[in-house]
2 protein chains.
Amino acid sequence: MMPSRGGQGGMSSQLRSASFASASGSTTTATASARQGTLRRPSVGSRLSFAVSTAERGEVQNDNGHGIAAEHQIEEEIAKIKRYEDFTTIDWVQDAAREQLRRKSRRKKHAGLFDSGQLDWRHRLRESYDAAQGWIVVTIIGAAIGLNAAFLNIITEWLADIKLGYCTTAFYLNENFCCMGEDNGCADWHRWTGIAPVNYIIYIAFATIFACTSATLVRSYAPYAAGSGISEIKCIIAGFVMKGFLGFWTLVIKSVALPLAIGSGLSVGKEGPSVHYAVCTGNVISRLFTKYRRNASKTREILSACAAAGVAVAFGSPIGGVLFSLEEMSSYFPLKTLWRSYFCALVATAVLAAMNPFRTGQLVMFQVKYDRSWHFFEVVFYIILGVFGGLYGALVMKWNLRAQAFRKKYLANYAILEATLLAAATAIVCYPNSFLRIDMTESMEILFLECEGAEDYQGLCESEHRLRNVLSLLLATVVRTFFVIISYGCKVPAGIFVPSMAIGAAFGRSVGIVVQALYDANPQSVFFSACQPDVPCITPGTYAFLGAAAALSGIMHITVSVVVIMFELTGALDYILPTMIVVGVTKAVSELFGKGGIADRMIWFSGFPYLDNKEEHNFGVPVSRVMITDVVSIPTAGMTLQAVEQLLSKDSYQGFPIVEDEHSKILVGYIGRTELRYAVDRVKRERSLSPLAKCTFAISSSGLDSAITPMSQSATINFDSTSSTSIDFSRYVDTTPVSVHPRLPLETVMELFRKIGPRVILIEYHGQLAGLVTVKDCLKYQFKVEAAENPRDDSHLDEGQEKLWVLISRAAGWVSDKVSSASGGRIRLRDSLEQDRSALLRDRGTTAGNGRILDGTEDDLVDDEDGVELENRR
Amino acid sequence: MMPSRGGQGGMSSQLRSASFASASGSTTTATASARQGTLRRPSVGSRLSFAVSTAERGEVQNDNGHGIAAEHQIEEEIAKIKRYEDFTTIDWVQDAAREQLRRKSRRKKHAGLFDSGQLDWRHRLRESYDAAQGWIVVTIIGAAIGLNAAFLNIITEWLADIKLGYCTTAFYLNENFCCMGEDNGCADWHRWTGIAPVNYIIYIAFATIFACTSATLVRSYAPYAAGSGISEIKCIIAGFVMKGFLGFWTLVIKSVALPLAIGSGLSVGKEGPSVHYAVCTGNVISRLFTKYRRNASKTREILSACAAAGVAVAFGSPIGGVLFSLEEMSSYFPLKTLWRSYFCALVATAVLAAMNPFRTGQLVMFQVKYDRSWHFFEVVFYIILGVFGGLYGALVMKWNLRAQAFRKKYLANYAILEATLLAAATAIVCYPNSFLRIDMTESMEILFLECEGAEDYQGLCESEHRLRNVLSLLLATVVRTFFVIISYGCKVPAGIFVPSMAIGAAFGRSVGIVVQALYDANPQSVFFSACQPDVPCITPGTYAFLGAAAALSGIMHITVSVVVIMFELTGALDYILPTMIVVGVTKAVSELFGKGGIADRMIWFSGFPYLDNKEEHNFGVPVSRVMITDVVSIPTAGMTLQAVEQLLSKDSYQGFPIVEDEHSKILVGYIGRTELRYAVDRVKRERSLSPLAKCTFAISSSGLDSAITPMSQSATINFDSTSSTSIDFSRYVDTTPVSVHPRLPLETVMELFRKIGPRVILIEYHGQLAGLVTVKDCLKYQFKVEAAENPRDDSHLDEGQEKLWVLISRAAGWVSDKVSSASGGRIRLRDSLEQDRSALLRDRGTTAGNGRILDGTEDDLVDDEDGVELENRR
């Protein structure tokens, strides 16, 4: 069963409170209602008609708002429980209903205060505080994100430089700060030694230590801090609940381990983790405010805004961040969220700009300005760059997913060792290449530059070194692509944006140099006729820039945000069109290899219940083909408390439809597991009950008439009735669950899930309950169809992986033996290795998560993936 | 009744065709199905289970796709009719279903071709053509929009300049082209005469002639070409149908009349009309392609993309255009539309750039580059600019709506006269002011410039003229604001973007000059300590720039798009933060005066059925309070043809729910008026029928079982049965109309309308039909509530308008008398005036559309607004 079985009395109670409001409104004096008029209130007309209809039914009540307050409290308690149910999805419909109830209850309270004529200015203040709360929260979060980003930038740069040397004036300064104001190094900045091989070894040692520290921190304190986090955050923003993923410890560890991971020289970037720590910040801070503590869907708005701020500070691109949040992160992005994101990104960027971490006035290292424009003939080469971007994305996605599968299957218990060895290997391979040795952001800064007037790194601009540079850059492209494939997904904070951009930049620059060489060889050719004679015609830096855009677009499958981010990095008006062309070509090429960027593939790979809005499905089947027909339903009356508790003790159902009786199966409502649990516990806490006490879930003696005008009667609950033989659970029943016809096409049902967002949709045929469908059921069907369409034979892959693993473990055994014999048996690596391995062999086969959908009941999968680490999560 | 009563057999027939596919699939040979496998096809599993379930029911059919083709044809015919029903809304649900049917039918056809082993490459080609059709259409449209924009830019500039003088070398050149390469005018460009007053008169004469021509063209050929069009397009993209609004003649007239209107010097801009002609282009071109001819909701995607391209060419800002379409125009903006918009804007901008209409490499006249950065202390003044923007927007919206109401009530028959007189008045007042005299885009170009190094207009940069310039600019601000208020909405193509920006720029520049003066007076002050001593500290041009952003944001209530547009105008990285701050302040101030920009207010004012997604409602009532309960429903059997035709002859219902019988009222489906009309006509065309023939609408002998597996039986229709006593309409019935519970909150129902988009939602209670609700019913209720919340007393306004009208008509009478006496009675203006006036007096009172919602049945309103003009629309 799917975890997303819920639904709640939110709507029904909202209706009930509406009738409360009107009923009491009709009994207050004219003066009071005139005063009430200054607040937002229901129209006079509607209130009148309510009063009339209530009076007609002879049900004028003198409720003074206490009922609503009590109801409100119950709602909030349930909401609090539900917020922390792991691996479930939130119910947008119900959250919206609760928010309306909250507002109504507040309005009601104020109306009461108005009546007594007191506390006017105080609750006016409170009112405006409540209205401004969203903006206040966003401001605080934005500032915190900006500060954190500045801090991270400084630490990262220092860590990257300390591998190469140190500052004699003050050890805590990086090369740039040490040599402030001077170009190309200075006397204060010392290499560690004068001997190159020793420097090499020191470089490797630092890289290894950093990676090991980072992986240990992650594994010990916050396993969720590993990786990029973008795919999980996508699911969380769409309504999935993952306890601890956005917690305080994840925030701390991600902020500390990220600079270490980048400093270690691993081919990982900081943009994905940036989004993750930004969203963590948002979650941690918004929890301090009542408005967000209980409303999970309102919190999602804040999280969308935080994702925007995270990208904004990572790229120094506030608008790009907003668009990224819109294009990639958020399945639901109303205008209000757009403005929140805008504001959050603005504050974060402004704080970062005020901190000025690079002391250059730039927000990121690789910001650049171009003075020259482009020529139409260059479009030919732009298309090459675009094609490269698309191919790069497809290649990396395919092989990275295989690497991930391998990692999940064989390396789950060697997370720290893996990261350490990767860092060592990266350092060993990369040091000799001058473009791979330095930090990726730094290398991009160098590759983006126009040659004229700027400092020259390694003779990059000199025409006599062209061949060497081109080869060096192409080598860098290939090597880094390989390391990205095997590094992305290892258990340190790791993004893929910057590595991809660095690869694109290296390739782009080499294309640029080749084009420049072509032009220099044939300056009079017709093809280059647009060039002016005295000015440099080709700017290889712009090719690097466009290559970076292509690779970023290719890996993430985003377009508009890439263009804006690149535009905000250069501010070059002239290069909007080239960027758009390159990204457009990349997009077209990528589409040939399947939909969705790496984040979407990771979601699919991890089996999160996420309905992708990029794909258009065409199943051509009605929902009845997908629905679960053997639903356990509860009759409105006649069930004993014992039977209800038995139902609850079975873990497989997340909610129960309420039917009139078992035979007619006339649908009257739905009760969530959580609500029922809460209700039973509450009832049992308040008084002792016979297990044979009857439970009633009836709302009213049904009938069309009572359905048209909502009842006020059912709001007062019979808890304190002396007859313990009947317990009334009706207040917990959602009387208006989303229900559809069994013949409705599956596509439409999926659209309902996506756009309206209920946990469960009931299938009703002529009033009778016919079945029930959840997001998971839809996804299961979708996977089945996809598997049938593209039958995959993975056996040779599995074999290959098996062979690779044997090879690796043999090598590890050999190393272990050598170490053991060299140390005289005091260091024994093999034992632990063997142990883990046998444990692993037991589990194998159950781990490949492809096509499975994660939910709360599948504990094996969860444990498998993160081992004991999950015990530590907060 | 609402026009949006529809619903159709789309979904049900889709189900039926699904079973066709599987039924025939199961009878084909294994080879054939293996071949079929190369195409996208339903999963093996689903096809098997279909075959089994079909076989079980003993209904193996040998249908070879003809049934689907026939069905398809009927669908398309109905779609064609529906596409042109004026003032109705489209049904997104049904359109999506039809698209799926179309794909399925094509797939089926191809499968058949595969069987015969023919035509492999041909339909492969056709297949890829069909897939690429969207992109091809967008490319063509983008290119057309870019060309049109370039043409308009050149014409507009020439018309604006010809008022002041002419080019002696070639009369068709404007001042810039005439004096190409020279600054501040040249000898080839002549003023009309050497005498200033004569020039003044010539200026006025040209302005008047242009305005009169423009208004006459609009009135005579395409009344829909008047105004900005943005609010109407918003509604159209949301699904409203307005025949002719996006037609060919509107396109032609808008393209011709727009340069005239701008050239006339009226305070109108070209950005709104730009969007309109772009969307017209899209509509006209997309109609040539089958994919879009019949699918109204697919066409909407293209229209969204066109809106983006329209703004892109108007501002030379491709990304800004995409964001504008997202933020302002489109209620529904999936990622696919984002990419289409991106591509369309790219093509349009590239074509415009290639045309290079200004021969400066710039895409718009007021593009500018800033070399200097800003200082933190300037934020104080930025906030002033932001506040100005908010106040400006609120003021203009309030008074412009009043002006519109006055225009609608009194001036409907004097459209041409009004535009002409307005142009004359504008010319008379504006000529003396040097900033008002020139074209608005030109004035912005001048105001945006940094002083250093650029040409100096009217001593704007000289410190001795500061006082004069500030006063002149403030005067320009006030005068232009007044003219915008009375001009926007007059019956020529007229946008409000550029006038607003020009006003903001004038105000901003004056603030900038004041700040500069302050600095010059106290260069040593602590406040200015951030200034460096030798460099100019304050750049008044940036204030003008930010002022323009503030005013644009204030009037349209857009944020992110304004920032991106302004950024794309300057490319100044440093000014993103200031722009964001200014726009943020403007947004906050605007919110104090109510939600929604001028486009939203115009929608409300015109009474279009548009559910605004900016507002959050909190009605707290169930849908049952709003629904229509006395619904005319059709029983599944027993109704005579005569009775059905009688139902159809009553014009008030747009569709009919189908119930099992009149007493039980068990809901089984819904049939749209159009479908029923079509079905009856078709039946009558094919054979003669007794009016007493019974009509059946039954789908099946209902029951849960048959509901779960869709029937293939009902697809074959009993048209050629010999018993003429029974006519089967079941194929036209939509068996799965969207239906909800009567207690569902109204807010949720409105969300369903917004996000899922049906024409009508049925209210079903325990399987029985309880009522029916449409967008219009929701809006009616909303207006009622809003009216009750903010009771408005318009009587003094009405009185004021009446007085104003008396004044105007007296003045007109006096002028007419004078003319009459001067011409010896040969020219008699008064008669026609009197005639029109008396006609007007008759109608008055029914014309104020506030709070009314436009639909097809209200012919009086439509006629009222546009008179006989509507006869000409295409």
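Student: Why is Arg340(B) called buried?
Tutor: Arg340(B) has a relative accessible area of 6%. Buried means under 20%, exposed over 50%, and partly exposed in between (1.4 Å probe, protein chains only), so Arg340(B) counts as buried.

Student: What should I know about the model and its numbering?
Tutor: This is a predicted model, in which local features need pLDDT of at least 70 and side-chain atom pairs count only at pLDDT 80 or more, while totals for chains, interfaces and linings use all residues. Residues are numbered from 1 along each chain as its sequence is written, chains are lettered from A and ligands numbered from 1 in the order in which they are written, and side-chain values use heavy atoms, without hydrogens and water.

Student: What makes Glu301(B) buried?
Tutor: Its relative accessibility is 10%, so Glu301(B) counts as buried.

Student: Why is the contact of Arg340(B) with Glu301(B) called a salt bridge?
Tutor: The closest N and O atoms are 3.7 Å apart. A salt bridge needs a side-chain nitrogen of Lys or Arg within 4 Å of a carboxyl oxygen of Asp or Glu, so Arg340(B) and Glu301(B) form one. The pair links distant parts of the chain, with Arg340(B) in helix α15 (residues 335-355) and Glu301(B) in helix α13 (residues 296-315) of chain B, 39 residues apart. Helices here are DSSP runs of H or I with at least four residues, numbered from the N terminus.

Student: What makes Arg407(A) and Glu418(A) a salt bridge?
Tutor: Their closest N and O atoms are 2.7 Å apart, so the pair falls within the cut-off. Arg407(A) is in helix α16 (residues 379-410) and Glu418(A) in helix α17 (residues 415-430) of chain A, 11 residues apart. Arg407(A) is buried at 6% relative accessible area, and Glu418(A) is buried at 11%.

Student: How many aromatic pairs are there over all chains?
Tutor: The search of the whole structure finds 64.

Student: Why is the pair Tyr410(A) and Trp805(A) called stacked?
Tutor: The distance is 5.2 Å centre to centre, with 25 degrees between the planes. Rings of Phe, Tyr and Trp (its six-membered ring) pair if their centres lie within 6.5 Å; planes under 30 degrees apart count as stacked, over 60 as edge-to-face and the rest as tilted. The pair is therefore stacked. Tyr410(A) lies in helix α16 and Trp805(A) in helix α31 (residues 795-822) of chain A, so parts 395 residues apart in sequence are tied together. Tyr410(A) is buried at 0% relative accessibility, and Trp805(A) is buried at 5%.

Student: How do you know that Tyr200(B) and Tyr431(B) are stacked?
Tutor: Their ring centres are 4.9 Å apart and their planes are at 20 degrees, so the pair is stacked.

Student: Are Tyr200(B) and Tyr431(B) buried or partly exposed?
Tutor: Tyr200(B) has a relative accessible area of 25%, so Tyr200(B) is partly exposed. Tyr431(B), at 11%, is buried.

Conventions: Helices (H or I, at least four residues) and strands (E, at least two) are DSSP runs, numbered from the N terminus.
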